Amino acid sequence: MADRDDDDDAYAKLVRRMNSPRVVIENDAFKHATVIQTVYRQGTLLEVVQVLTDLNLVIRKAYMSSDGGWFMNVFHVTDDGGNKIRDEGILNCIKKALETDASYMVKPMGKKVLSKEHTLIELTGTDRPGLLSEVCAVLTDLSCNVVNAEIWAHNARAAAVIHITDQSTGTAIEDPDQLSLIQELLYNVLKDLGDYRTPTVSISSPEQIHTGRRLHQMMFAARDFERPVSDQNDDSVRPYVTVSDCPDRDYTVVTARSVDRPKLLFDTVCTLTDMQYLVFHGAVITDRDEAYQEYYIRHVDGFPMSSEAERQRVMECIQAAIERRASKGLQLELFTDDHFGLLSDITRTLRENGLCAKRAEISTKNGKAKHNFIVTDVSGNPVEPKDYLFDPAANGTKRDTGERESKYVSEISPADTRKFPLWELFQMPKFPKFRAHQIPFMRCL
């Protein structure tokens, strides 16, 4: 029996070598974009898009088509400045990354490697003002240092993926009593007596997960696609999503029109994949600030959607996937030397000044901290930078990017910081730079 399994495995390897995935990059086909063509086995679209997204490539157009179990993709990509990718080193890096992940995609999934460096915390619960500040305060009181984290809030639900270490050792926390205490106190913070949905707190050794995909899964499990009653009369325009039948081909057709933004294709394909649908054909076209997506899909069992309830749910989930990253508010980017308790100090200051974090990306490396927040007022409305920053004409600098205004404040003295409500933030040791810019209110066409 074992010999037969070895023979089958050897035959599978031979087939993979004979039909290896292909990656072709062309820079002369179009004037304003680099074209990447890939051929993979069916079911790997998400992984391909994930690689391009993680390389910070902006997908301007995409065409997808399935034929005989293989999937051909054509992507028109640029850098984040809208330019073609001309650097040979970067082009080789893109091809290598796609080919490396391609060889992994067509293999059976192996065991995931666990890390001893960090402890992973996953949280979901009801969003409310000050929630992030309370979570950070609990972790600081328990001598937990936040190394990296990403937090999303949407439709009154919140999810977070947080990597922590023991402040005294700088390594993962292994004491079961301490882990149990962390889980209990975080659960108490997330618990909302007025909400029938139970919060979740999971603590484990981090696996090889993709944070963005994991947050989509957590928000989907928390049912953030259900709009709260308080938002039923919201006048803001949502992404326009349709789900219809294509009976002559046994497909379900999903279309979406929305404001274009980075990672839009990844977010949509991620949601379809996690809902157990396969994309057989599709197209994505962006024009200025608008994006149009069209997918011909079937359930993994090979059948199209069969009920109106299923179509309605897919429509709501695609809308939610598009909206999660499209937070409206003031974007704050903070750079400084890292020290224990920094994140708790920052989130407390934001809370005390009436700001709520709707999205956050926390990153520390080599003693430096880079934190990004998108904040609103306590009612969820956008705030004006002038309400929280001193006049840039006085001691800061001002730069117009063409699309939105950016204000920079650097090397702020204690006397200068008292000119605006967030001056306490800059009293922290070695806080050299602060940047803020207003994100336009997102309207979907």
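Q: In this predicted model, why are H6 and H7 called oblique to each other?
A: Helix H6 (residues 211-221) and helix H7 (residues 264-274) pack at an angle of about 55°, and their axes lie 10 Å apart. Angles under 35 degrees count as roughly parallel and those from 65 to 115 as roughly perpendicular, so the pair H6 and H7 is oblique. The crossing of H6 and H7 is right-handed.

Q: What makes the contact of H6 with H7, and how do its residues divide by class?
A: From H6 come Gly-212, Arg-213, His-216 and Gln-217, while H7 supplies Phe-266, Asp-267, Cys-270, Thr-271, Thr-273 and Asp-274. These residues divide into two nonpolar, five polar and three charged.

Q: Why are H4 and H9 described as roughly antiparallel?
A: The axes of helix H4 (residues 131-141) and helix H9 (residues 342-352) cross at roughly 150° and come within 8 Å. Because angles over 145 degrees count as roughly antiparallel, the term applies to H4 and H9. Their crossing is left-handed, and the contact includes Leu-132 and Cys-136 of H4 and Leu-343 and Arg-351 of H9. By class, the contact of H4 with H9 has four nonpolar, four polar and two charged residues.

Q: How do you know whether the span of helix H8 agrees or disagrees with what its 17 residues should give?
A: At 1.5 Å a residue, H8 (residues 308-324) should span 24 Å, and its end C-alpha atoms are 24 Å apart, which agrees. Among the residues of H8 that are buried are Val-314, Ile-318 and Ile-322.

Conventions. Residues numbered from 1 in each chain as written. Predicted model: local features only at pLDDT ≥ 70, side-chain atom pairs only at ≥ 80, totals over all residues. Heavy atoms only, no water. Axes fitted to C-alpha atoms, helices over the stretch in contact; angles between N-to-C directions. Helix = DSSP H or I, 4+ residues; strand = E, 2+ residues; numbered from the N terminus. Left-handed = near helix turned anticlockwise from the far one by under 90°. Contact = heavy atoms within 4.5 Å. Nonpolar A, V, L, I, M, F, W, Y, C, P; charged D, E, K, R; others polar. Expected span 1.5 Å × (residues − 1). Buried < 20%, exposed > 50% of the residue type's maximum accessible area, 1.4 Å probe, protein only.
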